[in-house]
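Please read it with the sequence and the coordinates open.

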Amino acid sequence: MSKIRSDYVRPVDFKHGRVDMSHGGGGRAMAQLIEELFVRAFANEWLAQGNDNAAFSVPAGRMVMATDSHVVSPLEFPGGDIGALAVHGTINDVAMAGARPLYLAASFILEEGLPLATLKRIVDSMARAAHEASVPVVTGDTKVVEQGKGDGIFITTTGIGVVPPGVEISGDRARPGDAILVSGTIGDHGVAIMSLRENLTFETTIRSDTAALHGLVAQMVQAVPTIRCLRDPTRGGLGTTLNEFARQSGVGMLIREASIPVRPEVSAACEFLGLDPLYVANEGKLIAVCPPEDAERLLAAMRTHPHGADSAIIGEIVADPHCFVQMETSFGGRRVVDWLTGEQLPRIC
Amino acid sequence: MKYVDEFRDGALARRIGRRIAAEARSDRSYHLMEFCGGHTHAISRYGIKDLLPDNVKMVHGPGCPVCVLPIGRIDSAIELATRHAVILCTYADTMRVPASNGLSLMRAKARGADIRMVYSAADALRIAQDNPAREVVFFAIGFETTTPPTALVIRQAQALALTNFTVFCNHVLTPAAITHILESPEVRELGIVPLDGFIGPAHVSTVIGSQPYEYFAEEYRRPVVIAGFEPLDVMQAILMLVRQLNEGRAEVENEFTRAVTRTGNERAKALVAEVFELRRSFEWRGLGEVPYSALRIREAYADFDAERRFGVAYRSVADNKACECGAILRGVKKPADCKVFGTVCTPENPIGSCMVSSEGACAAHYTYGRFKDVEVRAA
């Protein structure tokens with residue numbers, strides 16, 4: 001009788017290897033990739049069980065669920081990468097209900113030919129982001145598409161969270177007189193991405209602001225439980241999010257250009273690219289609407305958090321059946337801040 | 001931001017506004033045409049009209065390169081991208097200009113045409129170098145500002161002996177368009193469009209200089225003040241025009257001295273003259289056929305001319321009947337006078353070209369100014 005030998009499995013070559021169709025085929029190669037990369041990086045009890053789902057108990061209360069797909073190009077950019085973005089994006093979407101995010105699920109669509117080294121860097125970055133945010137990725141999925149049918153990697157994340165009692169935040173709750181606040185400088189992410197685009201390379205020191213905002217939100221909700229609206233102005237930027245609130249709540253807005261924080265580098269880049277920072281994407285900023293009497297208290301609470309240090313009150317809600325977002329320009333005139341037409345930039349988040 | 005904020009100083013603008021109000025005579029009006037879309041955009045974006053007295057009126061001119069491009073030319077570009085299967089490189093603004101059959105470059109792209117947005121002519125040249133097996137066409141549009149870069153890439157393509165790069169040339173000329181407006185019956189005979197003076201182009205003038213406008217000032221007795229695209233430039237130019245008109249002068253003055261000289265950029269002009277020659281006639285949207293108003297590629301550079309290589313045959317196509325772009329481009333009508341403005345014609349679904357580019361009169365009014373048509377209550 002021969003001795004039972006333990007299987008020898010050649011480790012995944014994360015140095016020179018590339019994603020091939022077998023990594024999504026459901027066979028041994030896929031199982032090995034999941035084990036050596038995803039389970040190891042995300043390291044938590046749910047993934048370790050090896051099920052196609054994750055079972056967990058949740059505290060009582062209102063639950064929040066959000067999902068977000070990430071298709072950014074380039075995959076890695078100053079200040080972050082698609083992995084960190086995928087974690088932050090969904091955590092933020094959950095947090096914008098005032099909720100505490102609990103768990104994430106992640107789904108990967110990989111393009112055949114993607115260097116495994118790139119994939120590993122991205123997954124490690126994602127795991128780091130999840131760890132720092134204390135929100136584990138408890139379940140996931142991987143598919144591979146043929147070369148030319150993807151763009152390296154697409155990541156979809158879904159998150160759930162729970163809302164503290166007494167908090168009710170929704171885009172349709174803005175009322176005339178309410179104050180509008182923003183948590184910091186706008187346009188950083190979009191300009192950082194743009195500086196790397198294939199036909200548009202320019203040198204800049206601007207980094208993406210990608211960050212998980214649930215810590216900031218928790219602090220805000222605690223200080224001012226009466227917050228009415230919260231949203232992170234990602235694609236479409238500040239201008240688009242304000243228009244969404246205006247339409248959902250059936251109100252108008254009047255904001256002051258001079259009070260909106262914009263980094264001089266962002267403003268300069270927008271100037272020569274012919275863009276308006278109001279419509280440039282952010283990944284680590286939020287907009288809040290609250291009753292006027294709570295505005296100063298909310299501002300103070302935001303400014304004590306590192307992600308809200310540059311917070312500012314930028315305007316107020318007005319009654320307007322046309323739901324126009326108007327802006328007093330630094331020049332002294334007034335103009336509409338309209339919905340973005342078409343797109344300023346393809347695929348940035 | 002340094003060198004930008006200085007030209008957007010609101011307090012200073014209001015001071016100039018008060019100066020204009022003080023000097024404008026109450027017994028007459030001042031109809032001033034800003035030729036350039038860049039000025040139109042600045043006037044709407046910064047709310048400059050709010051700072052002017054009622055008898056100083058701004059008339060939008062045709063100087064928006066995307067707006068004046070006729071449907072037929074866009075059709076030809078789409079044909080290059082579809083029938084000839086070239087990589088068509090274009091400035092982003094042209095992507096949404098409506099063409100025949102409900103198409104636009106953007107819609108053609110969605111149907112599989114290889115159309116790529118570029119920020120400069122040089123990007124198009126690089127795409128040609130990177131794709132030696134494909135034909136690459138640069139869809140060149142614009143006034144004198146964008147012409148020298150196009151001339152440069154044609155010369156570079158020749159130096160590199162590229163065989164897969166051509167230019168579909170649609171460059172047009174500012175002075176010809178101004179003459180055409182001044183010669184139009186509405187201005188010359190009917191008096192429908194009172195035009196007392198012009199704010200002259202900013203960037204165009206950095207290339208051609210202030211000299212070419214001297215002819216209009218003298219021949220048509222209309223003052224011209226060349227102005228930069230910043231709001232204070234525009235305010236200052238309006239004040240200078242009011243002063244000229246008050247004093248009965250019709251001269252070319254230069255407000256934009258930080259960039260414009262009398263003779264312009266000699267090297268750029270020489271480069272353009274080497275590569276391009278005048279077209280006998282060219283169709284403009286809104287203005288119709290305008291003699292000697294556009295450029296084509298010279299015989300010496302015929303190898304880089306997409307019209308020659310692909311045998312592009314021009315077919316004129318009439319604008320949508322409801323669209324008033326033509327009258328708006330000639331200064332005869334205002335955006336709000338058009339029945340389809342803001343209803344069926346919006347920046348998302350433009351019917352006419354003036355609604356496409358942010359420099360177009362309709363898009364500028366829709367984006368920045370249309371709230372003035374309705375009342376808004378403060379809380």
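The points below take each chain in turn, then the contact between the chains, and end with a few local details.

1. The model is predicted, and the remarks that follow should be read as descriptions of that model. Chain A contains nine helices and 13 strands, while chain B contains 15 helices and 13 strands.

2. On overall dimensions, the C-alpha trace of chain A extends over about 90 × 50 × 35 Å along its principal axes. Its radius of gyration is 22 Å, which agrees with the value near 20 Å that a compact globule of 349 residues would have. Of the 349 residues in chain A, 48% count as buried. When contacts in chain A are limited to residues at least 6 apart in sequence, 85% of them join residues at least 24 apart.

3. For chain B, the C-alpha trace spans about 65 × 45 × 45 Å along the principal axes. A compact globule of 379 residues would have a radius of gyration near 21 Å, and chain B, with 21 Å, agrees with that expectation. The buried residues make up 52% of the 379 in chain B, and residues 24 or more positions apart account for 76% of the contacts in chain B with a separation of 6 or more.

4. Chain A is divided into domain 1, covering 21-163, and domain 2, covering 179-336. The C-alpha centres of domain 1 of chain A and domain 2 of chain A are 27 Å apart, and the contact between these domains involves 20 residues of domain 1 of chain A and 21 residues of domain 2 of chain A. On the side of domain 1 of chain A that touches domain 2 of chain A, at least two residues each are supplied by α3 (82-95), β4 (100-111) and α4 (116-133) of chain A. The element that gives the most to this side is α3(A), with eight residues. By class, the side of domain 1 of chain A that touches domain 2 of chain A has 13 nonpolar, six polar and one charged residues.

5. In chain B the assignment gives three domains, namely domain 1 (5-64 + 189-254), domain 2 (71-174 + 264-309) and domain 3 (325-368). Between domain 1 of chain B and domain 3 of chain B the C-alpha centres lie 21 Å apart, and 15 residues of domain 1 of chain B are in contact with 13 residues of domain 3 of chain B. On the side of domain 1 of chain B that touches domain 3 of chain B, α2 (37-45) and β2 (56-63) of chain B each contribute at least two residues, and α2(B) gives the most, with six residues. The residues on this side of domain 1 of chain B divide into seven nonpolar, seven polar and one charged.

6. Where does B:Thr261 lie? B:Thr261 is placed in the loop between β9 (252-254) and α12 (266-275) of chain B. B:Thr261 is partly exposed, because 15 other C-beta atoms lie within 10 Å, a count that falls between the 12 or fewer of an exposed residue and the 20 or more of a buried one. The C-alpha atoms of B:Thr261 and B:Ser205 are separated by 8.0 Å, although the two residues are 56 residues apart along the chain.

Key
Residues are numbered from 1 along each chain as its sequence is written. Chains are lettered from A and ligands numbered from 1 in the order in which they are written. This is a predicted model: local features need pLDDT of at least 70, side-chain atom pairs count only at pLDDT 80 or more; totals for chains, interfaces and linings use all residues. Domain bounds come from an automatic or database domain assignment. Two residues are in contact if their C-beta atoms, placed from the backbone, lie within 7 Å. Helices (H or I, at least four residues) and strands (E, at least two) are DSSP runs, numbered from the N terminus. Ala, Val, Leu, Ile, Met, Phe, Trp, Tyr, Cys and Pro count as nonpolar, Asp, Glu, Lys and Arg as charged, and the others, Gly among them, as polar. The radius of gyration is taken over C-alpha atoms; the globule rule is 2.2 Å times the number of residues to the power 0.38.
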